[in-house]
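Reader: I am new to reading protein models, and I would like a close look at the inside of this one. Could you walk me through the nonpolar cores and the aromatic rings?

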Amino acid sequence: MSNLYILNSYIYSLIWQAGGDIYADDLKSARFNDENGVEAIEFFKSLKDYMPENVMSLSGSDAFSTIFGAGKAAFGVTRSSQSQETLFKESYPDLKWDYVTSLKNDDYGTFGAADSLSVMSSCENPELALALIKYICSSEFMSEYHKAAPGAPLTKTEQYAGDPKMERIVTEDRDKWRPLQVGPCGSEILENLAAHIQSVMEGKMEVQEALDESVEFANETLDEYWADNEE
């Protein structure tokens, strides 16, 4: 599995569910090696005994389709879709399945991407660009768009468009979602974290050792960043 898939599908959510996070609140240090982070990764490591030996070498989509989709696993993780019920009927017609939006440890917490449309400072007509963004995000536009590409409503006035089974993802379960904490040097820090988790899963490092080493890298990287950017 790619580093991005492991983080998005498993690690962020397990850390949040255990009460942890990537950064400290002031964004000047990392905290994923605290007891919450260790608990999360120890749990992830404990699942290895129930995974096929080659699962970490498969792509995320192949791992899901060939193992869970084939009825060879009790539990799988995949990205949510408002058309999941329809897609599963086509791809896995004999599979009996249900879902939870988030597991729960100390709390709920499932990673959901938070995207945005932005107006660049170099934009020649920012007022026109902003008007276009407002139109694209409007109930009028998105209601039509979601007929072709089902997704979560962006406004209170937009009606849900998707498979009935998946609707609670955006209604009663909506508070179980959270976006990634935005902090400096995120790409470098998270790639390093993912590499260390791979080492744990390959039996090359213990959980606390791996997280301590990764946090040391993160904090050194953040120290350099804030030395250059703090006012």
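Author: Happy to! S57 sits in the loop between α2 and α3 (helices, H or I, are DSSP runs of at least four residues, numbered from the N terminus). S57 counts as exposed because its relative accessible area is 61%, and exposed means over 50%, buried under 20% and partly exposed in between, using a 1.4 Å probe and protein chains only. From S57 to I169 there are 112 residues in sequence and 30 Å in space, C-alpha to C-alpha.

Two notes on reading the model. It is a predicted one, where local features need pLDDT of at least 70 and side-chain atom pairs count only at pLDDT 80 or more, while totals for chains, interfaces and linings use all residues. Residues are numbered from 1 along each chain as its sequence is written, and side-chain values use heavy atoms, leaving out hydrogens and water.

Now to the inside. A nonpolar core is a set of buried Ala, Val, Leu, Ile, Met, Phe, Trp, Tyr and Cys residues joined through side-chain atoms within 4.5 Å. The largest one has 40 residues, and I11, I22, F32, F44 and L193 have the most contacts inside it. The elements giving two or more residues to this core are α1 (3-17), α2 (35-46), α3 (60-68), α7 (186-201) and α8 (207-229). Of these, α1 gives the most, with eight residues.

Take F44 as an example. Leaving aside residues up to four places away in sequence, F44 touches I6, Y10, I11, L14, M51, I197 and M201 (a contact means heavy atoms within 4.5 Å). There is also a second, separate core of 10 residues, which includes F68, F88, Y160 and I169.

On to the rings. Rings of Phe, Tyr and Trp (its six-membered ring) pair if their centres lie within 6.5 Å; planes under 30 degrees apart are stacked, over 60 edge-to-face, and the rest tilted. The count by this rule is 14 aromatic pairs. One of them joins F88 and Y92 edge-to-face, at 5.2 Å centre to centre with 75 degrees between the planes. Both F88 and Y92 are buried. Another edge-to-face pair is Y135 and F141, at 5.3 Å centre to centre and 70 degrees between the planes. Here Y135 is partly exposed, with a relative accessible area of 41%, and F141 is partly exposed too, at 28%. Finally, ring pairs link F64, F68, F88, Y92, W97 and Y99 into a cluster.
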